[in-house]
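Please look over the sequence and the model first, then read the points below.

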Amino acid sequence: MSDPKRLRLPTPTLCLVTDLGVVGNDVARLVDAVSSAVDNGVNMVQVRAPEASTDEFDALVNGVVGAVGDKAFAIVNPSSRPIKLFQGVAGLQLSESAGASIEDARRTYGTGSLVGRSVHSADGARRAKEMGADFLVLGTIFPSGSHPGGAAYGVGIIPRVVRETGLPVIGIGGISTENVGEVLRSGAVGVAVVRSILGAADPGAATRELMVAMLDESSS
């Protein structure tokens, strides 16, 4: 039985994953884009910057937490870094290759925190469930500019992972207003995006368009 005190994902989940490279490695510009996105419908932000220095990453996390406030969940993806406690953070997103465990995450952030796992196969999803993940970020769904040349599984993998794990699944990879409905119809509770928002001339407008498409699908 799930813990009734544990945080729950918003429905539908629109998660923005940070990428400094998309905004010219400018932390302040990235935080501004996050702020605009959250004001227009993003309800979870995954802070990810594997290439950043420790100081730069800490500044990014604190900047995002300040921009998000109580309007969305801020989730930290430590990549290869040791797990560190940040105030105002709802939990962690761990990669399949992360050295830290879900148990480590809960020890640091508490049993009520959200802990997700990035997975790239049904086998990886099953392992994440066994480890105690609250939700899965599954990809790559469609060809993605963030992972050029990488394998794209299509939406067919989503219902299999949902059926075999029973966990909430967030699709990632090449998500746009044109295909987000297909992802939700396949059983995902939401999507995670990078360039669809951060690469847009107006991140706020891009967010609104995505959320409208998601809500239209959810209500149909």
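Leu 85 lies in the loop between β3 and β4. Helices (H or I, at least four residues) and strands (E, at least two) are DSSP runs, numbered from the N terminus. This is a predicted model, in which local features need pLDDT of at least 70 and side-chain atom pairs count only at pLDDT 80 or more, while totals for chains, interfaces and linings use all residues. Residues are numbered from 1 along each chain as its sequence is written, and side-chain values use heavy atoms, with hydrogens and water left out.

- Leu 85 counts as partly exposed, at 46% relative accessibility; buried means under 20% relative accessible area, exposed over 50%, and partly exposed in between (1.4 Å probe, protein chains only).
- Leaving aside residues up to four places away in sequence, Leu 85 touches Thr 108 and Tyr 109, where contact means heavy atoms within 4.5 Å.
- From C-alpha to C-alpha, Leu 85 and Ala 105 are 9.3 Å apart in space, and they are 20 residues apart in sequence.
- Ser 79 is also found in the loop between β3 (73-77) and β4 (91-94).
- Although Ser 79 is not a glycine, its phi is positive, at about 55°.
- Ser 79 counts as buried because its relative accessibility is 16%.

**The barrel**

- Eight strands close into a barrel with parallel pairing, in the order β1-β2-β3-β4-β5-β6-β7-β8; two strands pair if DSSP finds at least two bridges between them.
- On average, and with direction ignored, neighbouring strands of this sheet are turned by 25° against each other; axes are lines fitted to C-alpha atoms, for helices over the stretch in contact, and angles run from 0 to 180 degrees between N-to-C directions.
- Helix α5 packs on the sheet and touches β6 and β7 (169-172), and its direction makes about 160° with that of β6.
- Five bridges link strand β2 (residues 44-48) to β3 in the parallel sense, and Val 47 has Val 76 in β3 as its bridge partner.
- Strands β4 and β5 run parallel and are joined by four bridges, with Leu 92 opposite Val 115 in β5.
- Strand β6 pairs with β7 in the parallel sense over three bridges, and the bridge partner of Val 137 is Ile 170 in β7.
- Strand β7 in turn pairs with strand β8 (residues 190-193), in the parallel sense and over three bridges; here Ile 170 stands opposite Gly 190 in β8.

**Strand β5**

- Strand β5 (residues 114-119) is mostly covered, with six of its six residues buried.
- In a regular strand the side chains alternate between the two faces of the sheet.
- Leu 114, Gly 116 and Ser 118 point one way from β5, whereas Val 115, Arg 117 and Val 119 point the other way, and all are buried.

**Helices α1 and α2**

- The axes of α1 and helix α2 (residues 54-68) are 9 Å apart, and the two pack at an angle of about 25°.
- Helices α1 and α2 are therefore roughly parallel to each other; angles under 35 degrees count as roughly parallel, over 145 as roughly antiparallel, 65 to 115 as roughly perpendicular and the rest as oblique.
- In α1, Val 27, Leu 30, Val 31, Val 34, Ser 35 and Val 38 meet Glu 56, Leu 60, Gly 63, Val 64, Ala 67 and Val 68 of α2.
- The residues of the contact of α1 with α2 divide into nine nonpolar, two polar and one charged; Ala, Val, Leu, Ile, Met, Phe, Trp, Tyr, Cys and Pro count as nonpolar, Asp, Glu, Lys and Arg as charged, and the others, Gly among them, as polar.

**Backbone features**

- Most residues other than glycine have a negative phi, and most peptide bonds are trans.
- Asn 25, in the loop between β1 and α1 (27-39), is not a glycine but has a positive phi of about 60°.
- The peptide bond from Gly 139 to Thr 140 is cis, with omega near 10°; Thr 140 lies in the loop between β6 (135-138) and α5 (157-165).
- Thr 11 and Pro 12 are joined by a cis peptide bond with omega of about -10°.

**Pro 12**

- Pro 12 is found in the segment before β1 (13-17) and is buried, with a relative accessible area of 8%.
- Residues that Pro 12 touches, not counting those up to four places away in sequence, are Asn 43, Val 189, Met 211, Met 214, Leu 215 and Ser 218.
- The C-alpha atoms of Pro 12 and Ala 151 are separated by 26 Å, and the two residues are 139 residues apart along the chain.
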